[in-house]
Amino acid sequence: MNYLIPVLAFLVSYLFASFPSGVVIGKVFYGKDVRQFGSGGTGMTNVYRTLGIKAALAVFVLDLSKGILPVLLTYQAAFVWTSVGVEVLFLGQFAIFLSG
């Protein structure tokens, strides 16, 4: 049963990392898809250039929580939390919510 912990931690961290904060903030609150403007990225910098400081701060907080929450959720399994932090950093580049 212990082998399931790293697998579940991996899947949860991937889902957290895949959440496109910039796209959601842009579409929900501003009616714009930030991928169509500026650099075409979904991160805080492009959101700042496209939508302004308030939207950029919201994206910053959401992106920061996307990195912290999976690590905190897996803190009890000491060997897992470091790998989860690394996964969140790298797997965000392959977001399933933006594929297609």
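A residue is called buried here when its relative accessible area is under 20%, exposed when over 50% and partly exposed in between, using a 1.4 Å probe and protein chains only. The structure is a predicted model, in which local features need pLDDT of at least 70, side-chain atom pairs count only at pLDDT 80 or more, and totals for chains, interfaces and linings use all residues. Residues are numbered from 1 along each chain as its sequence is written, and side-chain values use heavy atoms, with hydrogens and water left out.

The chain contains five helices and zero strands, giving the pattern α-α-α-α-α along the sequence. Helices (H or I, at least four residues) and strands (E, at least two) are DSSP runs, numbered from the N terminus. Of the 100 residues, 33% count as buried. Taking contact to mean heavy atoms within 4.5 Å, residues 24 or more positions apart account for 53% of the contacts with a separation of 6 or more.

Ser 21 has a relative accessible area of 1%; with neighbours within four places in sequence left aside, Ser 21 is in contact with Val 59, Leu 62, Asp 63 and Lys 66. Just after H2, Gly 31 adopts a positive phi of about 65°.

Two packed helices are described by the angle between their axes and the distance between the axes. Axes are lines fitted to C-alpha atoms, for helices over the stretch in contact, and angles run from 0 to 180 degrees between N-to-C directions. For helix H3 (residues 44-51) and helix H4 (residues 53-73), the axes come within 7 Å and cross at roughly 160°. H3 is therefore roughly antiparallel to H4, a label for angles over 145 degrees, while those under 35 count as roughly parallel, 65 to 115 as roughly perpendicular and the rest as oblique. On the H3 side, the contact is made by Met 44, Val 47, Tyr 48 and Leu 51, and on the H4 side by Ile 53, Ala 55, Ala 56, Val 59 and Phe 60. These residues divide into nine nonpolar, no polar and no charged; Ala, Val, Leu, Ile, Met, Phe, Trp, Tyr, Cys and Pro count as nonpolar, Asp, Glu, Lys and Arg as charged, and the others, Gly among them, as polar.

Helix H1 (residues 4-18) also packs with H4, at an angle of about 165° and with the axes 9 Å apart, so H1 and H4 are roughly antiparallel to each other. Here Ser 13, Phe 16 and Ala 17 of H1 meet Lys 66, Leu 69, Pro 70 and Leu 73 of H4, a set made up of five nonpolar, one polar and one charged.

The largest nonpolar core has seven residues, namely Val 23, Ile 25, Val 34, Val 47, Leu 51, Ala 55 and Val 59. Such a core is a set of buried Ala, Val, Leu, Ile, Met, Phe, Trp, Tyr and Cys residues joined through side-chain atoms within 4.5 Å. Helices H2, H3 and H4 each give two or more residues to this core.

Finally, Thr 74 lies in the loop between H4 and helix H5 (78-91) and is buried, with a relative accessible area of 13%. The C-alpha atoms of Thr 74 and Ser 13 are separated by 9.5 Å, although these residues are 61 residues apart along the chain.
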